[in-house]
Structure formats: structure tokens, C-alpha cells
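Please take a moment to look at the chain as a whole before turning to its details. The paragraphs below lead from the overall picture to particular residues.

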Amino acid sequence: MAPTVAARAALDRPANPPVRISFALFWLVDLIATILLFPVPYATELNPITTYFYEAIGVPGVVLAGSAYAAVVVLTGHYLSKPYDTLFATGAVLVYAVCAINNVVLLFSGDAPFELFVV
């Protein structure tokens with residue numbers, strides 16, 4: 001009987017460490033701002049999944065939802081080939097940057113700067 005080798009999907013680290021660091025920082029800022037959105041009366045979290053988890057288990061639910069989103073982004077980036085992994089990670093950084101800026105400005109001023117773009 002011939003020995004068999006199990007095929008395994010190889011995870012490939014994205015090529016650009018500054019993009020990964022930027023993603024982690026914007027994700028963290030967005031997560032903290034999202035947690036702080038729930039107690040303020042003038043702000044509403046728009047993501048229904050995050051809201052559901054918050055209503056079900058509180059702040060750990062927000063962390064769980066945010067971590068799940070980040071895990072999807074990181075795993076997708078690992079499975080993409082170069083240069084698509086860097087492009088995907090850069091796109092994720094831009095999305096998280098917009099969300100984080102919007103949430104932080106909303107927390108400090110009470111007005112969302114990107115509210116005009118949401119229908």
C-alpha cells in the first residue's frame with residue numbers, strides 16, 4: 001500500500017507588514033468606538049449582527065462580532081495570492097479607517113460625518 005499525503009491548504013502571510021499593522025490599529029480603534037456607541041443616546045450601531053450580539057451577551061458580543069469580522073479578513077488575505085492579498089488588505093484598511101473615523105467623530109461631536117452617504 002502506497003503512503004498517502006493529505007493535501008492541506010497553505011496559509012500564506014501577506015507581503016506588506018505595514019498594511020497588516022494598519023489593519024490591526026484601525027480595527028482596534030473601530031472596535032473601541034463601536035463599544036462606546038452603545039451607551040450614548042444619540043448614536044445607533046447600524047450593523048445588525050453586532051447589535052444582535054450586543055443584545056444577546058453585552059459588550060463581549062461586540063468584541064466577538066468584531067473579532068469574527070477581523071478573522072474573516074485575515075483568513076481571506078492569507079488565502080489570496082500575491083498581489084491580491086495586499087490589495088485586499090489595503091481595501092480592508094480603508095473600510096476600517098472610514099468606519100473608525102466615522103465612529104470617533106460621532107462619539108465626540110454627536111454628528112456622523114459620513115451620514116450623508118448612507119441612504
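What follows begins with the chain in outline and then turns to its aromatic rings and to one pair of helices.

The model shown here is predicted, and in it the chain holds four helices and zero strands, so that reading along the sequence gives the pattern α-α-α-α. Of the 119 residues in the chain, 31% are buried, and the accessible surface comes to about 8100 Å², with 73% of that surface belonging to carbon and sulfur atoms. If we consider the contacts between residues at least 6 apart in sequence, 64% of them join residues that are at least 24 apart.

How many aromatic pairs does the structure hold? There are three aromatic pairs, and two of them can be followed here in some detail. A pair of aromatic rings is described by the distance of the centres and the angle of the planes. For phenylalanine 23 and tyrosine 96, the ring centres are 5.3 Å apart and the planes stand at 85°, and because an angle over 60 degrees counts as edge-to-face, this pair is edge-to-face. Phenylalanine 23 belongs to helix α1, which covers residues 17-37, while tyrosine 96 belongs to helix α4, which covers residues 84-109, and the pair therefore ties together parts that are 73 residues apart in sequence. Phenylalanine 23 is buried, with a relative accessible area of 9%, and tyrosine 96 is buried as well, with a value of 11%.

Another pair is formed by tyrosine 52 and phenylalanine 53, whose ring centres lie 5.9 Å apart with their planes at 70°, so this pair is edge-to-face too. Tyrosine 52 counts as exposed, at 56% relative accessibility, whereas phenylalanine 53, at 27%, counts as partly exposed.

Helix α1 also takes part in a helix pair. Two packed helices are described by the angle between their axes and the distance between the axes. The axes of α1 and helix α3, which covers residues 59-79, come within 10 Å and cross at roughly 155°. Because an angle over 145 degrees counts as roughly antiparallel, α1 is roughly antiparallel to α3, and the crossing of these two helices is right-handed.

Which residues of α1 make the contact with α3? On the α1 side they are Phe23, Trp27, Leu31, Thr34 and Ile35, and on the α3 side the contributing residues include Val59, Val62, Val63, Gly66 and Ala70.

Definitions and conventions:
Residues numbered from 1 in each chain as written. Predicted model: local features only at pLDDT ≥ 70, side-chain atom pairs only at ≥ 80, totals over all residues. Heavy atoms only, no water. Buried < 20%, exposed > 50% of the residue type's maximum accessible area, 1.4 Å probe, protein only. Contact = heavy atoms within 4.5 Å. Areas by Shrake-Rupley, 256 points an atom, 1.4 Å probe, with all protein chains shown as cover. Phe/Tyr/Trp six-rings, centres within 6.5 Å; stacked < 30°, edge-to-face > 60°. Axes fitted to C-alpha atoms, helices over the stretch in contact; angles between N-to-C directions. Parallel < 35°, antiparallel > 145°, perpendicular 65-115°, else oblique. Left-handed = near helix turned anticlockwise from the far one by under 90°.
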